[in-house]
Amino acid sequence: MAPVADTLARLIGIACGTSAEDQPDAVRTGRLVDAKQYIVRHLADPTLSPASVAAALGMSVRALHLLFEPTGTSFARYVLRRRLEECRTALLGNPVRAVTDIAFAWGFSSLSGFYRAFQAEFGVSPGALRSAAGARRLRTDRAEPDTA
């Protein structure tokens with residue numbers, strides 16, 4: 001089925017004005033986009049796994065891993081990075097929400113694992129990031145002249 005889909009994608013590309021050489025991995029690229037979209041939609045699910053994504057997309061786990069291979073980022077690393085980015089956004093956007101609540105809301109099942117991964121990714125703990133952002137906001141608020 002994959003060779004047929006690839007051929008069809010190439011023919012559509014040619015019909016739209018590109019050459020067949022410009023479309024070497026059209027199906028793989030499309031499947032990767034589908035996988036990433038599925039991941040983003042289910043990012044908060046702590047049971048998100050290669051098996052669940054592969055099943056939802058109708059492919060094998062091996063095929064899913066092969067989609068990510070040329071990107072230089074594994075499936076697991078992609079999911080982790082996206083979750084950490086969402087956690088950072090939530091930490092900065094809602095300074096009163098508990099770090100624990102944010103971590104679990106974005107699919108982390110271990111608080112110690114979350115803290116380790118966050119520190120490794122951003123070079124600072126979640127609390128320190130939030131404190132630094134609060135200090136910056138405070139300095140900015142004091143520096144702005146009162147125009148009222």
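## Around helix α3

The buried residues of α3 are covered by elements that include α2, α4 and α5. Buried here means under 20% relative accessible area, with exposed being over 50% and partly exposed in between (1.4 Å probe, protein chains only). Helices are DSSP runs (H or I, at least four residues), strands are E runs of at least two, and both are numbered from the N terminus. Which residues of α3 are buried? They are V53, A54 and L57. Looking down the axis of α3, you find these buried residues within an arc of 100°, so they line one face of the helix. That arc is taken from the directions that run from the helix axis to the C-beta atoms. Just after α3, G58 has a positive phi of about 70°.

Before we go on, a word about the model. It is predicted, so local features need pLDDT of at least 70 and side-chain atom pairs count only at pLDDT 80 or more, while totals for chains, interfaces and linings use all residues. Residues are numbered from 1 along each chain as its sequence is written, and side-chain values use heavy atoms, leaving out hydrogens and water.

## The whole protein

Let's step back. The protein has eight helices and zero strands. Of its 148 residues, 26% are buried. Its accessible surface is about 8,900 Å², and carbon and sulfur atoms account for 59% of that; the areas come from the Shrake-Rupley method with a 1.4 Å probe, and for residues only the protein chains shown count as cover.

A contact means heavy atoms within 4.5 Å. Among contacts between residues at least 6 apart in sequence, 52% join residues at least 24 apart.

## The nonpolar cores

A nonpolar core is a set of buried Ala, Val, Leu, Ile, Met, Phe, Trp, Tyr and Cys residues joined through side-chain atoms within 4.5 Å. The largest one has 16 residues, and I39, V53, L64, F68 and F75 touch the most other members. At least two residues of this core come from each of α2 (26-41), α3 (50-57), α4 (61-68) and α5 (75-93). Its largest share, four residues, is supplied by α2.

What does I39 touch, leaving aside residues up to four places away in sequence? The list is L48, V53, F68, F75, Y78 and V79. Apart from this core lies another, of twelve residues, including A90, I102, A103 and F108.

## How helices cross

Two packed helices are described by the angle between their axes and the distance between the axes. Axes are lines fitted to C-alpha atoms, for helices over the stretch in contact, and angles run from 0 to 180 degrees between N-to-C directions. Angles under 35 degrees count as roughly parallel, over 145 as roughly antiparallel, 65 to 115 as roughly perpendicular and the rest as oblique.

The axes of α2 and α4 come within 9 Å of each other and cross at roughly 100°, which makes the two helices roughly perpendicular. On the α2 side, R28, R31, L32, A35, K36 and I39 make the contact, meeting L64, L67 and F68 of α4. Helix α5 packs against α7 (residues 111-122) at an angle of about 90°, with the axes 10 Å apart. This pair is roughly perpendicular too.

## A buried loop residue

M59 sits in the loop between α3 and α4. Is M59 buried or exposed? With a relative accessible area of 15%, M59 is buried. Not counting residues up to four places away in sequence, M59 touches R31, A54, L64 and L67. M59 and R31 are 28 residues apart along the chain, and their C-alpha atoms are separated by 9.7 Å.
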